[in-house]
There are 2 protein chains.
Amino acid sequence: MPNAVSSPPKTVKSHRATGRVTLSDVAQAAGVSPSTVSRALRGERAVDPALIERVQAVSSRLGYVPDPAARALASQRSNHVAILIPLLSNALFVDLLDAAQKTLRAAGFQTLMGVTHYDASEEEQLLREQLLHRPAGLLVTGLDHNPVTRKLMDSSQVPCVHLMDLPTSNSNSNSTNDAAPYCVGFRQTEAGAALTRHLLASGRQRIAFAAAQLDPRVMQRLYGWRSALQEAGVYEPTLEFLNPAPSSLALGGVMFEQIMQQRPAVDAIFFCNDDLAQGALMAALRLGISVPSQVAIAGFNDLTGSDQMLPALTTVRTPRARIGEAAAQMLLTLMRGEAPELPQLDLGFEIIQRQSS
Amino acid sequence: MPNAVSSPPKTVKSHRATGRVTLSDVAQAAGVSPSTVSRALRGERAVDPALIERVQAVSSRLGYVPDPAARALASQRSNHVAILIPLLSNALFVDLLDAAQKTLRAAGFQTLMGVTHYDASEEEQLLREQLLHRPAGLLVTGLDHNPVTRKLMDSSQVPCVHLMDLPTSNSNSNSTNDAAPYCVGFRQTEAGAALTRHLLASGRQRIAFAAAQLDPRVMQRLYGWRSALQEAGVYEPTLEFLNPAPSSLALGGVMFEQIMQQRPAVDAIFFCNDDLAQGALMAALRLGISVPSQVAIAGFNDLTGSDQMLPALTTVRTPRARIGEAAAQMLLTLMRGEAPELPQLDLGFEIIQRQSS
DNA sequence: AAACTTTGGGATAGCGCTATCCTATCGGCA
DNA sequence: TGCCGATAGGATAGCGCTATCCCAAAGTTT
């Protein structure tokens with residue numbers, strides 16, 4: 001029977017060895033081909049509405065659930081979205097992650113989180129690993145990445161949205177920037193300037209800027225502070241206190257004490273982050289330095305607890321949850337192959353004046 | 001040499017259409033079969049050491065990286081580990097996640113996070129979704145799950161480690177508990193009792209217990225508080241203040257104010273969580289209630305900032321990062337098919353006495 | 001009416017691996 | 001010598017799906 005080989009028996013098994021209900025099971029039960037089931041279930045191409053309904057009915061009757069691995073292998077695309085954030089120890093990024101994750105999950109995507117620790121090469125490494133999984137989309141923090149990372153993102157063809165930051169509008173639009181990146185955030189520089197102007201408006205003149213964890217966004221706030229002071233003609237370079245160490249309440253206390261010792265005439269301090277500012281407020285209480293009468297204190301981000309401080313902390317409320325959600329939405333749009341309304345989404349910020357200024 | 005028909009031409013392509021370097025490419029370049037490459041690279045079965053070395057050399061020369069999707073499909077097992085935590089808004093769980101994630105990544109596993117919001121049915125739903133991905137392992141918070149969830153975990157055959165909690169040793173070991181679950185944590189009840197005893201030892205008699213977000217672990221701390229007070233003969237049921245709302249600094253302030261109003265004779269308050277306690281300390285400052293002379297305040301977990309409060313907060317330091325790491329390690333052991341040294345790992349806790357008591 | 005496009009469905013070849021079965025070789029032992 | 005188990009490698013059938021090609025039928029155009 002040599003020629004019998006050409007017609008394989010194709011035994012009809014109701015279930016595979018693995019016990020999983022497969023697409024073919026559904027196809028067979030519905031009396032259509034696997035292709036049709038696949039198309040009906042994914043809404044691909046044109047399928048007769050009645051057929052779609054039948055397939056869906058059979059599918060849910062059998063309890064069919066598509067296998068993500070098989071799908072990823074066949075389509076070269078997973079249902080994962082990778083999100084790269086610098087730290088998990090900063091509530092800012094956790095809020096971002098939480099919001100993005102929630103939005104993506106609702107749309108059927110799995111979120112794979114990567115923590116870069118503000119390390120460009122770690123970011124590159126994480127990106128490499130993630131790209132192996134052929135993610136359907138990419139969410140990355142900030143616009144500053146090393147060239148290799150940028151090249152990886154570009155050449156991977158994976159839709160990508162940047163978080164928290166917007167390209168500087170006054171950028172020297174040189175030809176190196178191939179395309180404007182998709183991003184959702186707000187203008188850090190403007191926020192820094194706005195808070196500084198607020199302090200100026202309340203009569204402060206000698207306003208220090210205290211920062212830790214000098215990431216690009218912190219530096220932009222610094223530039224905003226500078227320009228606002230320059231506008232007002234009271235810029236004083238020696239009032240910049242920059243510390244590369246990670247941000248923390250304790251460090252805020254230490255920096256506050258140092259500043260007050262070195263520059264007792266300072267009448268306001270703009271901390272680049274609420275945790276530093278909260279630490280400063282506690283230190284002020286300990287040291288008996290009265291806030292705001294002797295020195296005003298302001299923070300950034302409006303983290304939890306800032307409204308509970310004594311005095312309550314003046315700060316900039318940043319829409320991080322909304323950023324996470326909007327970025328996820330934009331990514332979903334891109335992953336559908338559509339173009340978002342705006343490639344750059346500015347969600348703004350809000351000055352929250354409380355008792356510390 | 002059978003009929004020529006039965007031997008398909010098998011065109012030799014150096015690279016597939018996708019451009020990816022595959023295992024077969026490596027096999028061909030190394031002059032061995034795909035099976036051998038697969039085995040050599042995974043350390044499966046016995047392979048000649050010289051061959052392993054050659055395969056590895058070729059593999060890295062070609063820049064081969066295994067495709068996780070193909071691997072998952074063929075082996076019915078992904079390199080994902082799912083971790084279920086209640087919230088991302090509690091630093092406790094974020095620390096857990098961070099540590100676990102770091103450990104798992106170092107071992108080549110991807111962490112898939114799921115946020116249950118303390119909702120049993122959401123947990124069940126998340127678990128369902130995660131199991132579709134055939135995770136290699138499972139990390140879940142707590143030991144309390146609804147029956148369906150527990151059944152899903154059992155029947156999935158996926159190795160699972162529970163976080164933060166240990167089975168009560170005094171449990172009525174009835175036959176319903178098929179097997180002792182793997183878990184890494186500490187004795188919440190004992191920690192609650194220990195902190196209470198610490199307050200008693202410092203001369204307090206009327207010690208209130210204030211809690212929010214009444215999850216099982218919070219309730220265990222309550223039981224610990226109760227038993228310590230009963231031991232001392234000063235248990236007073238009306239000093240339990242339980243609020244199901246989510247925990248926050250603001251709520252801590254509100255609860256503190258209420259307690260001091262309703263029960264002015266209270267001389268210590270044990271808050272189930274540091275954020276509540278921190279809020280209470282701030283409220284005390286606002287209200288001019290002196291801590292600890294009028295009332296001692298203690299928290300739980302030793303979250304960031306607790307040492308910066310005024311007065312610094314007495315609390316229980318819980319080894320959450322170590323729990324995350326140890327749990328991940330235990331899971332890695334289980335995933336290798338080995339048995340962990342101990343199925344239950346008690347990492348203990350530490351009373352941190354500061355100025356608030 | 002003939003030559004087309006469109007529409008809705010089926011057949012099937014992979015996607016890149018692992019698991020299973022098979023084969024060849026080599027000692028050890030009766 | 002011959003048998004047997006152990007060892008180390010090869011061959012190959014899937015895993016469950018999607019993408020691609022193909023085809024019949026119906027609608028459009030000249």
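Me: In strand 7 of chain B, which residue is the bridge partner of Ala210(B)?
Reply: Strands are DSSP runs of E with at least two residues, helices are runs of H or I with at least four, and both are numbered from the N terminus. Two strands count as paired if DSSP finds at least two bridges between them. Here the partner of Ala210(B) in strand 7 of chain B is Phe241(B). Strand 6 (residues 207–212) and strand 7 of chain B pair in the parallel sense over 4 bridges.

Me: What should I know about the model and its labels?
Reply: The model is predicted: local features need pLDDT of at least 70 and side-chain atom pairs count only at pLDDT 80 or more, while totals for chains, interfaces and linings use all residues. Residues are numbered from 1 along each chain as its sequence is written, and chains are lettered from A and ligands numbered from 1 in the order in which they are written.

Me: In what order do the 4 strands of the open sheet in chain B run?
Reply: The order is 7-6-8-9, with parallel pairing. Strand 7 (240–243) and strand 9 (296–298) of chain B are the edges, each pairing on one side only. From one strand to the next the twist averages 15 degrees. Angles run from 0 to 180 degrees between N-to-C directions, with axes fitted to C-alpha atoms, for helices over the stretch in contact.

Me: Which helix of chain B packs on the sheet?
Reply: Contact means that C-beta atoms, placed from the backbone, lie within 7 Å. Helix 9 (residues 216–232) of chain B touches strand 6, strand 7 and strand 8 (268–271) of chain B, and its direction makes about 170 degrees with that of strand 6.

Me: How many residues surround DNA strand D?
Reply: A residue is near a strand if its C-beta atom, placed from the backbone, lies within 6 Å of it. For DNA strand D there are 28, and Leu23(A), Ala74(A), Thr36(B), Ala46(B) and Asp48(B) are the closest. Helix 4 of chain A gives the most to this surface, 5 residues.

Me: Which residues are closest to DNA strand C?
Reply: They are Thr36(A), Ala46(A), Asp48(A), Leu23(B) and Ala74(B), out of 28 that surround DNA strand C. Helix 4 of chain B gives the most there, with 5 residues.

Me: By what turn can chain A be laid on chain B?
Reply: Superposition is by least squares on C-alpha atoms of residues with pLDDT of at least 70 in both copies. The turn is 180 degrees, with a shift of 0.0 Å along the axis and an RMSD of 0.0 Å. That is the relation of a two-fold axis. Ala69(A) comes closest to the axis of the residues of chain A, at 2.4 Å (C-alpha).

Terms used:
Two residues are in contact if their C-beta atoms, placed from the backbone, lie within 7 Å.
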